[in-house]
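Biologist: I want to go through some labels in this model and hear what stands behind each one. Please give the rule, then the value, then the conclusion.

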Amino acid sequence: MYKKLFIPGPTHVRDEVLQAMARPMIGHRFKEYAELQAEATSKVQKLLYTENPVFLFTSASSGVMEGAARNCIRDDKKVLCAINGAFGARWHDMILANGKEADVLEVEWGQAVTPELIEAKLSSDEYDAVALTHNETSTGVMNPIYEIAEVMKKYPDVCWMVDAVSSMAGAKIEVDKLGIDVCIAGVQKAFALPPGLTVCSVSQKAFDRAKEVKNRGWYFDFHLMLKYYHRNQTPATPSISHIFALNKQMDDILAEGLEAHFQRHLDMAEFVRDWARRHFALYADERYLSNTLTAVVNTRGLSVPKLNQALAEQGAVISDGYGTLKGKIFRIAHMGDLTMDDMRWLTGLIEGIWNL
Ligand SMILES: *Cc1c(COP(=O)(O)O)cnc(C)c1O
């Protein structure tokens with residue numbers, strides 16, 4: 001039986017989107033492909049309120065996160081990694097694994113990275129870049145990028161790399177207004193497509209920086225991508241099926257209307273938060289709650305694996321806590337193509353199973 005995914009990635013994929021993926025194949029050097037890439041790209045630019053090139057990488061988000069580090073950090077310079085959960089910590093590991101030097105700004109899990117904390121670090125003027133996780137999927141904290149952007153604007157030589165993997169398409173991110181240099185998201189989260197494609201906007205500042213970096217690699221080299229981008233192609237063979245699906249999904253998101261689309265995410269978030277406060281407690285700082293997933297403290301000490309077994313029989317699945325938080329919290333995603341009806345259905349099932 002199909003289990004509807006209330007986990008923070010991959011998320012539930014609609015049949016219409018799966019069908020778009022099943023379209024007959026075309027060559028990646030055909031005119032039809034260039035038209036498809038151009039169309040899909042321009043729609044994602046609308047979503048991100050940006051005129052920056054938007055690259056479509058056939059990769060998990062992690063690949064592009066490594067790529068961003070290789071393009072935006074010079075060998076004799078450092079990056080500041082802001083960490084308030086598992087995904088920020090992982091990005092730091094990736095950056096070190098690529099031979100880059102990094103300092104860490106560590107914040108307690110469940111808390112947010114604030115503009116004040118970033119500013120205190122940047123004032124030392126030793127950084128080439130900042131790596132920030134917009135939405136910490138491990139804790140349900142959404143970092144305040146609009147406020148952080150005001151600080152970043154005071155440091156025009158610092159490249160701002162944002163992991164927006166679990167927020168892009170679920171929360172408004174105005175890339176140009178914010179001045180985000182590299183904004184990354186895999187399509188398996190709020191885009192609600194099957195995993196395998198990553199969207200990434202790149203600013204002129206990031207391209208200029210990349211020119212000064214020697215070993216950018218090949219597959220994720222922003223300048224090689226840009227050369228092909230001008231022809232609406234990619235250097236290597238892309239997952240064309242994904243791009244068919246992205247193009248279809250972007251049509252539907254734009255037809256819903258961006259404001260309505262983000263509002264639906266917020267409505268679902270508020271519903272789940274209220275429910276969680278009534279029966280349990282919220283893990284994240286109330287001021288910085290995520291619009292795309294809610295981390296609920298397991299105050300009753302109930303078994304999350306058993307809950308999922310019971311939910312599976314009804315056709316649903318949620319997420320346990322991530323890593324060390326397993327059993328201590330559980331996470332409900334409310335992103336992509338999920339609806340208020342889905343949230344009512346899911347919370348009703350949990351109430352029934354746990355006799356809340
Ligand atoms: C899911 C997720 C990732 C990892 O994405 P992959 O596509 O599996 O590489 C990174 N960061 C955040 C915030 C995520 O939610």
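**Labels and their cut-offs**

Biologist: Why is Thr139 called buried?

Modeller: Its relative accessible area is 0%. Buried means under 20%, exposed over 50%, and partly exposed in between, with a 1.4 Å probe and protein chains only, so Thr139 at 0% is buried. The model is a predicted one, in which local features need pLDDT of at least 70 and side-chain atom pairs pLDDT 80 or more, while totals for chains, interfaces and linings use all residues. Residues are numbered from 1 along each chain as its sequence is written, and side-chain values use heavy atoms, without hydrogens and water.

Biologist: Where is Thr139, and what does its side chain reach?

Modeller: Thr139 sits in the loop between strand E6 (135–136) and strand E7 (141–142). Helices (H or I, at least four residues) and strands (E, at least two) are DSSP runs, numbered from the N terminus. The Thr139 side chain comes to 3.3 Å from the backbone nitrogen of Val141. A polar contact is a pair of N or O atoms within 3.5 Å; within protein, one must be able to donate a hydrogen and the other to accept it, and residues adjacent in sequence count only if both atoms are side-chain atoms. The 3.3 Å distance is therefore within the cut-off.

Biologist: Is Ala169 buried or exposed?

Modeller: Buried, at 2% relative accessibility. Ala169 also has a positive phi, near 80°, in a residue other than glycine. Met168 lies in the loop between strand E8 (159–163) and helix H7 (175–178), and Ala169 is in the loop between E8 and H7 too. Met168 is buried as well, at 0%.

Biologist: What makes the largest pocket a pocket, and how much space lies in it?

Modeller: On a 1 Å grid over the protein atoms alone, a cavity is a set of points where a 1.4 Å probe fits but cannot get out; a pocket is an open set with protein on both sides within 12 Å along at least five of seven lines, and lining residues have an atom within 4 Å of a point. Grid points are joined across faces, edges and corners, and a volume is the space filled by probe spheres set on the points. On that basis the largest pocket holds about 270 Å³. Its lining has 18 residues, and Met142, Tyr146, Ala171, Lys172 and Asn291 are the closest to its centre.

Biologist: Which helix gives the most to that lining?

Modeller: H11, with four residues.
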